[in-house]
Amino acid sequence: MLLNTSVNCLHGLVYLLSYSNRDNAIQYRRFGGGVLSSDAQTFFLEKCLHDETCNRYPPGLLYLRRVLKQMILAAEKDGDEVLDGLYDLHAVYLLPPKEGSAELAPKCYKSFTYNIPAKTRAYLACKTGSKKFMEEVEHLVTLRVSLNMLEGDTGCSDWPAGLLLSEFVLSHPELFFGQKCLEIGAGAGMIGVLLSRLGASKVLLTDGSLATLANMKHNLSINNIPVEGMKEVNDSQQYTNPSTRVECRQLIWETLCDKELHDLESNIILGADLIYDPSYIPHLVRVLASLLSLDHPATISQLERSVYEYPVAYIATAIRNPDTLVFFVEEVKKAGLRMIEVSESMRPAPCLGNIAALNRATILIHKLQAWSD
């Protein structure tokens, strides 16, 4: 989706849809000259809560209830009259949801804006011949995500390492344009959306959970990303490379055989927040070692001829348990892979908006390749 609203409308809307844990009233006071005036309240109601995107892909019930309460209390504190519309909506959200209502669903929608860095736009404009990339505009990705990560629905969450890896993709188009890309543990599908928009030749998104794959396909669809075997449901104006092939596939690390891994031919392997359970690490490393093997380099088309490229992996990891990371490094060495930290040398630009809570310093990006003499 490409946003055509004014800058103020855009920032106000996305701040609401980003599911921020901050005090929303502080954000919207700036539209009323530092107070929640009637103009600021009207802006919030008409340009944010009643916006088509918000109605189509709404945040969670409890979140909206909390935001409305914050706005009402802040307006009262500022000494401004609270609009009836705010009171009425808050009263509606206080009512218990009906049985079977979507308000009881364990998932909600979150939206993220991103800017494409000038270097990336220039590269893509040169590669595609499209002047559209030279336009400095903010873009939108909307995802359906899980509200409760403690109930086994971890694959549908927007994990911090995945957000940083998204910025990495936006900052380094030269690594992905025209390439066959595979993401391990693709989760909600945000990186798949970006890879498609940046012109990867093929994007294979994998996850072990069928429920996660179903949610991922839904997210690709609402962002107008064509998926093999699915129809488009969104009339978004967002540029999507028509030649990009996107596929979603179940990938269970523990049971994959060598032939299945060989069939996953890719130049670029991506993954975020994969190193969380030590018991899975040996299986993950076996998958990476096979995908990165020098025995079967991936092919790409270049100047009407096929050339071979040895694959490379970029893995983003949030530092939670240092011992788990050490174990992963040891297993990688045993598998004969070369692992280099590129967090600083290839530091991504801060492309995503409204993610102030993201602590980039606690996330590492590693580059993995097979050893070659």
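# Helix packing and aromatic pairs in a predicted model

His90 lies in helix 6, which runs over residues 84-94, and the model in which this placement is seen is a predicted one. The chain as a whole comes to 13 helices and eleven strands, and of its 373 residues 53% are buried. Among the contacts in the chain with a separation of 6 or more, 75% are accounted for by residues 24 or more positions apart.

- On the helix 3 side the residues involved are Gln41, Phe44, Leu45 and Leu49, and they meet Gly85, Leu86 and Leu89 in helix 6.
- By class, the residues in this contact of helix 3 with helix 6 divide into five nonpolar and two polar, with no charged residue.

**Helix 5**

- Helix 5 covers residues 61-77, and its 17 residues should span 24 Å at 1.5 Å a residue, which agrees with the 24 Å that separates its end C-alpha atoms.
- Just after helix 5, Gly79 takes a positive phi of about 80°.

**Helices 8 and 9**

- Two packed helices are described by the angle between their axes and the distance between the axes.
- For helix 8 (residues 160-171) and helix 9 (residues 190-197), the angle is about 5° and the axes are 9 Å apart, so the two helices are roughly parallel to each other.
- Helix 8 contributes Gly162, Leu163, Leu165, Ser166, Val169 and Leu170 to the contact, while helix 9 contributes Met190, Ile191, Leu194 and Leu195.
- Sorted by class, this contact of helix 8 with helix 9 has eight nonpolar and two polar residues, and no charged ones.

**Aromatic pairs**

- The structure holds six aromatic pairs, one of which is formed by Tyr123 and Phe177 in an edge-to-face arrangement, at 6.3 Å centre to centre and with 85° between the planes.
- This pair links distant parts of the chain, since Tyr123 belongs to helix 7 (residues 118-128) and Phe177 to the loop between helix 8 and strand 3 (180-184), 54 residues apart.
- Tyr123 counts as partly exposed because its relative accessibility is 24%, whereas Phe177 is buried, with a relative accessible area of 19%.
- The rings of Phe168 and Phe176 form an edge-to-face pair too, because their planes stand at 75°, with the ring centres 6.4 Å apart.
- Phe168 and Phe176 are both buried, and together with Tyr314 they form one aromatic cluster.

Note on methods
Residues are numbered from 1 along each chain as its sequence is written. This is a predicted model: local features need pLDDT of at least 70, side-chain atom pairs count only at pLDDT 80 or more; totals for chains, interfaces and linings use all residues. Side-chain values use heavy atoms; hydrogens and water are left out. Axes are lines fitted to C-alpha atoms, for helices over the stretch in contact, and angles run from 0 to 180 degrees between N-to-C directions. Helices (H or I, at least four residues) and strands (E, at least two) are DSSP runs, numbered from the N terminus. Angles under 35 degrees count as roughly parallel, over 145 as roughly antiparallel, 65 to 115 as roughly perpendicular and the rest as oblique. Contact means heavy atoms within 4.5 Å. Ala, Val, Leu, Ile, Met, Phe, Trp, Tyr, Cys and Pro count as nonpolar, Asp, Glu, Lys and Arg as charged, and the others, Gly among them, as polar. The expected span of a helix is 1.5 Å times one less than its number of residues. Rings of Phe, Tyr and Trp (its six-membered ring) pair if their centres lie within 6.5 Å; planes under 30 degrees apart count as stacked, over 60 as edge-to-face and the rest as tilted. Buried means under 20% relative accessible area, exposed over 50%, partly exposed in between (1.4 Å probe, protein chains only).
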